Amino acid sequence: MAETILTWKPVAIAIAGGILPSLVWLWFWLKQDREAPEPTGLIALSFFAGMAIVYFVLPLQKFVVASIIPIMDMVSTISDKFSLLPPVEQTVRITLWAFIEEFAKYATVFLIAFKSKFFDEPLDAVIYLITAALGFAAMENTLYIFKDIATGGALEVLSNGNMRFIGATIVHIVSSALVGIAIAFSFYTPKYVKLVAMTVGIFVASLLHAYFNLSIIESDGTMKTLLVFSQFWGAIIGIIVLLAIVKRIPKPNITN
């Protein structure tokens, strides 16, 4: 029994440390939709689906690593064609990783929430995408914390957990919120406009996500890391402002 308790203790710590911060963030964002809240079951399904999608993303990201040589050859060919300086391998790899994550989060919400009868107002796009993003961040953080427990001490777990709470979780919120806002502003438009808005949203979100990851890798001190984080905290404020605008998007009058 004692061995079982010792075995499960790290798992419990990792799960709590990974999921609880995301649930706090989820509570905050659901408050933004208190006038017409979404069904609890659909929110929960979006959150847990966001967690599950991590296990589909990881093999795709590993595939990028395994295929990086032909990918770089293709990037170099395209760069030469347009007389551009080709990006370094790390930039290409991390950008592709970011795109995979952003597209996976969108696809999850598209299949689960966007096809639901409850998806009936522009704000819903932002709420469901943030919910799935928080689920994704929760699973990602849980895996990182569990790895830290296995390889480091309690101080390292606490430090990395805090950094991921204020950093990595926020980049998932910001990037998915941008996709949601793009969809929200095109909510009452024709399908082709929605498609363009979604594509642009995912593209911008992927670049922003990659910028965050590359900036963290290149930062060589706590202050520089916090400076990167502060930019995304500022983005959170911008998203709250944009949500206020989204709530005021008028529903078009349909006349026969």
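Local features were considered at pLDDT of at least 70 and side-chain atom pairs only at pLDDT 80 or more, whereas totals for chains, interfaces and linings use all residues of the predicted model. Residues are numbered from 1 along each chain as its sequence is written, and side-chain values use heavy atoms, with hydrogens and water left out.

A search of the whole structure returned one salt bridge, defined as a side-chain nitrogen of Lys or Arg within 4 Å of a carboxyl oxygen of Asp or Glu. This salt bridge joins the side chains of E102 and K105, with an N to O distance of 3.1 Å. Both residues belong to helix α5 and are three residues apart, about one turn of the helix; helices (H or I, at least four residues) are DSSP runs numbered from the N terminus. E102 is buried at a relative accessible area of 1%, and K105 is likewise counted as buried at 1% relative accessibility. Here, buried denotes under 20% relative accessible area, exposed over 50% and partly exposed the range in between (1.4 Å probe, protein chains only).

Helix α5 (89–112) and helix α8 are the elements that each give two or more residues to the lining of the second largest pocket. The volume of this pocket is about 340 Å³, taken as the space filled by probe spheres set on grid points joined across faces, edges and corners. A pocket is an open set of points on a 1 Å grid over the protein atoms alone, where a 1.4 Å probe fits, with protein on both sides within 12 Å along at least five of seven lines; lining residues have an atom within 4 Å of a point. The lining includes Y106, F110, K115, F187, K191 and M198. Helix α8 supplies the largest share, four residues. By class, the lining comprises eight nonpolar, no polar and three charged residues.

Helix α8 (residues 191–218) also contains F203, which is exposed at a relative accessible area of 52%. F203 forms a nonpolar surface patch with V196, V200, V204 and L207, and their accessible area together is about 450 Å². Such a patch joins nonpolar side chains within 5 Å, from residues with over 30% relative accessible area and no salt bridge.

In the loop between α4 (68–81) and α5 lies S83. Although not a glycine, S83 has a positive phi of about 55°. S83 is exposed, its relative accessible area being 67%.

Conventions: Patch = residues over 30% accessible without salt bridge, like charges linked within 9 Å, V, L, I, M, F, W, Y side chains within 5 Å. Areas by Shrake-Rupley, 256 points an atom, 1.4 Å probe, with all protein chains shown as cover. Nonpolar A, V, L, I, M, F, W, Y, C, P; charged D, E, K, R; others polar.
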